[in-house]
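Open the model in your viewer and keep the selection panel at hand. The stops below say what to select and what is there.

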Amino acid sequence: MTDITNETAGRIKKTANAIKKSRPAYSTIVDFYEKIFTAQEKSAAKSEIKPAQLSDDIVSIKTNEKFPLYSLSEFSVDINSARKLFKKICKIINKSGNHMSTASQIIFAANENKKIDFNELYAALLHDDDESFSNIAAKLNTDRDALAFITYNSIKPSLSMFAESASKYFDKDNIWGKGYCPVCGNAPVISTFESDGQRFLTCSFCWHKWAATRLFCPFCENKDSKSLHYLFSEDEKEYRIDVCDRCNKYIKNVDTRIITRFIYLPLEQIATLHLDIMAKEKGFESGVPLELQV
Ligand SMILES: [Zn+2]
Ligand SMILES: [Zn+2]
């Protein structure tokens with residue numbers, strides 16, 4: 001393991017501890033995800049992907065037309081690293097005894113018995129081919145959602161690395177102006193305010209981060225201040241929920257200027273589920289399905 005990975009793992013641990021201290025109700029879920037995210041960082045350090053490579057012409061056509069640069073099926077995945085991580089995630093779930101444990105044990109055993117065709121599995125996920133994916137789950141006699149969780153999380157390091165390699169085609173401070181990810185076309189999972197007050201949105205699939213205007217609903221592209229507002233709690237000034245009256249959707253926002261500890265966005269995302277509950281109680285819907293987020 002490289003020093004950088006050790007450092008990141010240490011920071012995730014510190015962040016997880018800080019969150020557990022201030023919000024003890026999250027201890028179990030944060031413990032679980034700390035293990036998943038640390039395993040992903042370690043896997044990323046050993047993964048190799050074919051970096052994004054596009055001609056200048058293609059980049060300029062796509063960015064001018066506001067098309068995402070890639071479709072998911074074009075993402076490069078390090079299948080060997082992903083397979084090892086797949087096994088590791090199964091073990092983490094098995095040990096956690098959470099709602100996915102029974103399914104995870106079946107999936108782990110299927111993998112040990114070489115019953116999983118990873119090319120087929122990853123292709124089904126990346127082609128968004130729900131029918132094939134459900135068929136694979138049925139063939140393995142296991143729960144589809146648990147299989148999707150393990151599969152997605154096992155390729156997340158590759159997806160993030162590929163998106164990172166594609167980010168060279170963008171000026172990170174340029175406002176993209178669309179509600180979907182400029183790399184892969186998916187909706188954002190979380191919003192942030194950064195050092196100079198600039199707002200960024202982070203993709204729910206490849207975790208690419210792009211600059212956005214502050215008054216903007218990424219789900220219907222509404223910019224009308226009268227129908228955009230936010231909910232917040234006095235106790236947690238670092239978070240708010242941006243809501244849109246036009247499409248009735250919301251996105252959580254982290255003000256990184258207020259938080260002094262290390263911020264690891266995937267942890268912020270899962271350790272703020274009380275905000276999702278608050279938004280739901282007020283009649284708003286998450287912009288991305290919650291089951292894909294956790
Ligand atoms: Zn993306
Ligand atoms: Zn909207």
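**Salt bridges**

Select Lys87 and Glu112: their side chains meet in a salt bridge, 3.1 Å from N to O (a side-chain nitrogen of Lys or Arg within 4 Å of a carboxyl oxygen of Asp or Glu). The pair links distant parts of the chain, with Lys87 in helix H4 (residues 79-96) and Glu112 in helix H5 (residues 101-112), 25 residues apart. Helices (H or I, at least four residues) and strands (E, at least two) are DSSP runs, numbered from the N terminus. Lys87 is partly exposed at 30% relative accessibility, and Glu112 is partly exposed at 40%. Here buried means under 20% relative accessible area, exposed over 50%, and partly exposed in between (1.4 Å probe, protein chains only).

This is a predicted model, in which local features need pLDDT of at least 70 and side-chain atom pairs count only at pLDDT 80 or more, while totals for chains, interfaces and linings use all residues. Residues are numbered from 1 along each chain as its sequence is written, chains are lettered from A and ligands numbered from 1 in the order in which they are written, and side-chain values use heavy atoms, with hydrogens and water left out.

Next, select Lys20 and Asp31, whose salt bridge spans 2.5 Å, N to O. Lys20 belongs to helix H1 (residues 3-22) and Asp31 to helix H2 (residues 27-46). Lys20 is buried at 18%, whereas Asp31 is partly exposed at 28%. The whole structure holds 16 salt bridges.

**Zinc site**

Select the zinc ion (ligand 1). Its protein donors are the SG atoms of Cys181, Cys184, Cys203 and Cys206, at 2.3 to 2.4 Å; donors are N, O and S atoms within 2.8 Å of the metal (3.2 Å for Na, K and Ca), and water is not among the atoms, so sites may look incomplete. The angles between the 4 donor atoms run from 96 to 119 degrees, so the arrangement is tetrahedral. For four donors, that term requires all angles to lie between 85 and 135 degrees. Cys181 and Cys206 are both buried.

**Aromatic pairs**

Move to Tyr152 and Phe205: ring centres 5.2 Å apart and planes at 50 degrees make this pair tilted. Rings of Phe, Tyr and Trp (its six-membered ring) pair if their centres lie within 6.5 Å; planes under 30 degrees apart count as stacked, over 60 as edge-to-face and the rest as tilted. Tyr152 is buried at 12%, and Phe205 is buried at 13%.

Finish with Phe32, Tyr33, Phe37, Phe149 and Tyr264, which ring pairs link into a cluster.

Notes:
Tetrahedral: all angles 85-135°; square planar, octahedral: opposite > 155°, others 65-115°.
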